[in-house]
Each structure stands twice: as C-alpha cells, then as structure tokens.
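Hello,

Here is the structure I promised to pass on. Please open it alongside this note, and then read on for what turned up.

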Amino acid sequence: QVRLVESGGGLVQVGGSLRLSCAASGRTFSRDTVGWFRQAPGKEREFVAAITWDDYTYYTDSVKDRFTISRDNAKNTVLLQMNSLKPDDTAVYYCNTDCRRYQNWIGFGSWGQGTQVTVSS
C-alpha cells in the first residue's frame, strides 16, 4: 500500500511562495500520472495540477503561470512550486499518485494527510 506524506505548507503573505513536497513509500509511481488537489474550508476537493510519467503537465486555470509541478522518480517525490500566492489558494493540499482525467481530474490512488497552506492578505 502506498503511503504519502505531504509537507511544505505554512502561512505566507499575498504574493509569497511555497514549495510543497509529497514523498511516497510502498510503491514506485514512475509510470503513473501524479498530481495535487486542494480543499478549502466548506468546499469540495479540487484538482490543482498533474504530471504524467513523461513530464506532460496539466493545471487548473486559476494556478496556471503561478504554480509548477515536477517529479523526481528516483526519490519517489512530487513537488509543487507555488508563486504569487493569493488568498484563494488557502486550502489543505493533497497529493495523489494515480490521477486520471475524465471530464474532470480524479485521484484514484491513496491520499496523504495533506499540508495546510494559508495565504494572508
């Protein structure tokens, strides 16, 4: 069973940056599409970004040109560099190691405990 540990969240001011990391253990995901989702208070979990095994990337419109997803297969790690943060980015961020796109992106793999990102204005 895959175990995921997200880290790197915190409190940051508007316009600031954070770098989230997701470390996976129990199974390698080098051939999977991996990604990040987030859940704000009172809202459903939503897709943020995904990266395929061959490094194609996908982003939700609201984070394009601000967030960058990357992966290190040797370390079984997924990263999310978040720049120009806005209050609307405040949420708990989760990674998932089996992301698939139908009409929307869905995470089929295990979920970690998430990491809180708070952007203050």
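Cys 22 and Cys 95 are joined in a disulfide, with 1.8 Å between their sulfur atoms. Bear in mind that this is a predicted model. The count comes to one disulfide. The torsion about the S-S bond of Cys 22 and Cys 95 is about 40 degrees, so the disulfide is right-handed. The bond links distant parts of the chain. Cys 22 lies in strand β3 (residues 18-25), and Cys 95 lies in strand β9 (residues 91-96). The two are 73 residues apart. Both Cys 22 and Cys 95 are buried.

What about Cys 99? Its sulfur is 8.6 Å from the closest cysteine sulfur, which belongs to Cys 95. A disulfide needs the sulfur atoms within 2.5 Å. The sulfur of Cys 99 is therefore too far away for a bond. Cys 99 counts as buried, because its relative accessibility is 4%.

- β1 and β3 pair over five bridges, in the antiparallel sense. Arg 3 stands opposite Ser 25 in β3. Leu 4 stands opposite Ala 24 in β3.
- β3 and β8 (residues 77-82) run antiparallel and are joined by six bridges. Ser 21 has Leu 79 in β8 as its bridge partner. For Ala 23, the partner in β8 is Thr 77.
- β7 and β8 pair over six bridges, again in the antiparallel sense. Thr 68 stands opposite Gln 81 in β8. β7 and β8 form a hairpin with four residues between them. In the turn, Asn 76 has a positive phi of about 55 degrees.

Now look at the faces. In a regular strand the side chains alternate between the two faces of the sheet. β1 shows this pattern: Leu 4 and Glu 6 point to one face and are buried. β8 is mostly covered, with five of its six residues buried.

**Salt bridges**

How many salt bridges does the structure hold? There are six. I will go through three of them here.

Arg 27 forms a salt bridge with Asp 32, and their closest N and O atoms are 2.9 Å apart. Arg 27 is partly exposed, because its relative accessible area is 39%. Asp 32 counts as buried, at 18% relative accessibility. The cut-off for buried is under 20%.

Arg 38 deserves a look of its own. Its side chain meets that of Glu 46 in a salt bridge, at 2.7 Å from N to O. Glu 46 is partly exposed, with a relative accessible area of 36%. Arg 38 is buried, with a relative accessible area of 4%.

Arg 38 also forms a salt bridge with Asp 89, the closest N and O atoms being 3.0 Å apart. This pair links distant parts of the chain. Asp 89 sits in the loop between β8 and β9, while Arg 38 is in strand β4 (residues 34-39). They are 51 residues apart. Asp 89 is buried, and so is Arg 38. Salt bridges that share partners join Arg 38, Glu 46, Arg 66 and Asp 89 into one network.

**A nonpolar patch at the surface**

Last, turn to the surface. Tyr 102, Ile 106 and Phe 108 make a nonpolar patch of about 310 Å² there. Tyr 102 is in the loop between β10 (99-101) and β11 (105-107). Is Tyr 102 buried or exposed? Tyr 102 counts as exposed, because its relative accessibility is 51%.

Best wishes

Definitions and conventions:
Residues numbered from 1 in each chain as written. Predicted model: local features only at pLDDT ≥ 70, side-chain atom pairs only at ≥ 80, totals over all residues. Heavy atoms only, no water. Patch = residues over 30% accessible without salt bridge, like charges linked within 9 Å, V, L, I, M, F, W, Y side chains within 5 Å. Areas by Shrake-Rupley, 256 points an atom, 1.4 Å probe, with all protein chains shown as cover. Salt bridge = Lys/Arg side-chain N within 4 Å of Asp/Glu carboxyl O. Buried < 20%, exposed > 50% of the residue type's maximum accessible area, 1.4 Å probe, protein only. Pairing = 2+ DSSP bridges.
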